[in-house]
Amino acid sequence: MKLTFRIGAQAGAGVMVTGRVLGRCFTRGGYSVLGYPEYPSLVRGGHNVFQIRVSDNGVSSPITKCDVLLALNKDAVFYHKDAVVDGGIIIYDEKIDISEFKLGKKIEKVALPLEKLLKDAGATQRMANAVQIGAALAAIDYPIEIFEGVLKDEFGRKGEEIVKKNIAAARAGYDFVKSKTKPIKSVKPVSKKRKMLVGGNEALALGAIKGGLKFYAAYPMTPASSILHYLFAKEREFNIVVKQTEDEIAAMHYAIGANYTGVRAATGTSGGGFALMTEAMGLAGLSETPVTVFLVQRVGPSTGIPTWTEQGDIRFALHASQGDFLRCVIAPGDINECFSLSAEALNIADKYQIPSIVVSDKFLSESLFSTEGFDENIKIDRGKIVTKLPKLPPNTRFERYKLTKDGVSPRPLPGTPGGLYVATSYEHDETGFSTESFSMRKAQVDKRASKQEYLLKDIPAPKVYGDKNAEFTIVAWGSMKLPALEALHRFKQDKISANLVHFTYLYPLDEKKVKSVLGKAKHTIMIENNSTGQFAGMLKQYVNWEPDFLMLKYTGRPFYAEEIFEEVSKLKKAGFKGKKEIRVLDKEDLEYYNPQRYGL
Amino acid sequence: MAVTIKDFDVKEKMQWCPGCGNFGLITALKGALADLGKDQSEVVVVTGIGCSGKTSHYINTYGFESLHGRTLPVASAVKLANTDLTVIAEGGDGDGYGIGIQHFIHIMRRNYDLTYLVHNNEIYGLTTGQASPTSLLGMKTKTTPWGVIETPFNPILSAINGGATYVARGFAGEPAHLKELIKGAIEHKGFSLVDIFQPCVTFNKLNTYEWFRERVYKLEDMGHKPTDKKAALEKAEEDTKTDYKKCPIGLFYKEEKPTYEDLLPQIKGKPLVKHGLKIDLSKAYEEFM
């Protein structure tokens, strides 16, 4: 069973909330769910759409078609009418005049008397989305009781009256659609075991909390802000201090200062904010202060297209700040990896006393994903923090930057007797005192660099999904795992032997480990959500490996599974011969920022 | 054994220009910490970049020499992470009133319990003599060969208006007086600013020790009441209004207000750094089901 909804409305009408609640109705029925929002950088006006995919067999990528269109305004009919499949249904407010649109004959249309239904149910305008969700569920004959359960949990705190009215509104929508048309499908729960429906940023935040995060400082920036929101909501429950700072320069320095003092601390931002953090990346590097940055990419350069997705910032993450110093760049590829790698990034920062960067993107961070639960098997490793030290001779300092074999030196926290030292942005001797000695400079650079060898031992090889001896291999990193996995599923259905090599640890790279996986691949197609193949370049530079084909998309949308399937199928047909670079453009070329462009 | 001023010394030689105001300043700071009986390991001195930045190297406590202008965000986080620590932030006029001014404006709104000492020498010293935000009108520097034409920044006035709860000015040429101001600042619960006239003997030939000595006087000698905001604001502008004939030093303004940390129940009675890391997320998960 696979089913796709689209909810469309003008910005500010609440499609995100409607989408989340509708999604929850299905995770409660044991289904896999993906919720994918698209919205322009506007608070009012423009057009918002939320896609909800439901499946009993895993679902991971948005697609171009839908079965049920819930159109909350006229624009929504205009934008999505062609996406509705034959046998699908459009549910719209009766106030919308759809006569000017050419709608497919095999598509069911239901005009919802929203105002009347609300009035009859004794509900308020704010409960309109309950009517709409009820209507959508009727169209697929899904038990309304599950939705009623969601409403009880959602509004229980607000009192019985509110719950009752919401349920009445939901029933009104449900009954109306049932009375008007036959359901397009009959969908029933597949399991009593509920799944969770979690946003990517929420999973990053939850993973960090589980990983011992105690302090988070950030300046609001889409699409990283919801990490900040979630942590703020939870700061008292989990004893975390969350700080909204005056800018990203401050946020990064707060995170560094808190880590220096001994609490696990992180900051989060998108590319523009990270640009302001770059100088302090080097401060963390030179002073060997652990710090973790959540870098949630959006379309750049500059302000770019702020509410859309891209994988364009890993070269930036890799090179941010002047001078040479080690950092670790990690890119989770799905909701469970968001959780576990967020915690792992905190471990790596502490253990190696380096900056770690968790790279996500708008697609992964702002979409909702179902999960059966996170892997909580996380061992917090604080590295070489020292708590008991002998007394120091008078007027001397502790050797905080002692030259050690693994490059990591014992780290006392302020407040520890016998551990006095100065952390500094200057090159320094073993006590932290500034020095310009050539030999000490070289020794300290070498010490810091020597951590890489040990860090690499902790870093696993890229993972392989699908047939071991596949005819061809898709190579992806970060969130592009999701459409790639769904494309694999398509190939499997067609009995085509394919696999995916997926990278979560992007830097540093171990040539042996990478080649042990990629060396076996026959034809390789790398997909990246950017315009230059940034990670392909890194693979060439650091492990001397190149894909046969490089498929790039940089329109603001993630790759859709269909696009990967179609492009790779074409390559296969051509015997994997042809131009190395393939640039993908969405078939559906509509923009949501300026509906007026279409006379709306 | 009681801590003495000598405990705060380091073996390394303090490499400031002979006669630099920083010598008097660091002596006052060490003296204040010793007088207050502060345990060296419970003190963190956070500095920025510039001649003032070296202070964290020349005082034997925990230290963090951050980036240019970024003293305050680092110091703020140190305090939030461990409220048991005594946190001293130090920077110069370029560091704090130039490149890092946004942090200064915002820290005053927050009233963290920490002390900010500004080595204000009205010049950029380490970069060899450019105009700073506090360089006086008409002063000739490498970047103002025809004289400064920008109105100097008034830190005392800004601090009182900005919400700082302890606003003082000292003079490095009067270390005993300065020491008392720093002691008061450390003991004050909330954000305290001590702006310090700190003559740069190499690059500022205008604001010399003699120049200051002719002009400074102590507010307490004139019966100034630091709780009187109106009077404090008037005194804050006395130097500019008298064309620098009179430059008051001492405590301008003091106010009791809850600190930022006081308003965070999650760290009440227990510093953040001492909280356990084991967390049960099961209740949080329920919200997603």
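A contact here means heavy atoms within 4.5 Å. Among contacts in chain B between residues at least 6 apart in sequence, 71% link residues at least 24 apart. The model is predicted: local features need pLDDT of at least 70, side-chain atom pairs count only at pLDDT 80 or more, and totals for chains, interfaces and linings use all residues. Residues are numbered from 1 along each chain as its sequence is written, chains are lettered from A and ligands numbered from 1 in the order in which they are written, and side-chain values use heavy atoms, with hydrogens and water left out.

Chain B contains ten helices and eight strands. These are DSSP runs numbered from the N terminus, with helices (H or I) of at least four residues and strands (E) of at least two. The radius of gyration of chain B is 20 Å, close to the 19 Å from the globule rule for 289 residues, so chain B is as compact as a globular protein of that length. The radius is taken over C-alpha atoms, and the rule is 2.2 Å times the number of residues to the power 0.38. The C-alpha trace of chain B spans about 70 × 45 × 40 Å along its principal axes.

Of the 289 residues in chain B, 61% are buried. Buried means under 20% relative accessible area, exposed over 50%, and partly exposed in between (1.4 Å probe, protein chains only). Chain B carries 34 positive and 35 negative side chains, and the centres of the two sets lie 1 Å apart. Lys and Arg count as positive, Asp and Glu as negative; His and the chain ends are not counted. Each charge is placed at NZ of Lys, CZ of Arg, CG of Asp or CD of Glu.

Chain B gives 60 residues to the contact with chain A, and chain A gives 72. About 5500 Å² is buried between the two chains, 62% of it from carbon and sulfur atoms. This buried area is the accessible area (1.4 Å probe) that two parts lose on being put together, summed over both. Within chain B, Tyr62(B), Phe288(B) and Met289(B) lose the most area to chain A, together 15% of what that side buries.

Most residues other than glycine have a negative phi, and most peptide bonds are trans. A cis bond joins Gly300(A) and Pro301(A), with omega about 0°. The bond from Tyr507(A) to Pro508(A) is also cis. Asn395(A) has a positive phi, near 60°, and is partly exposed at 24% relative accessible area. Asn111(B) has phi near 55° and is buried at 1%.
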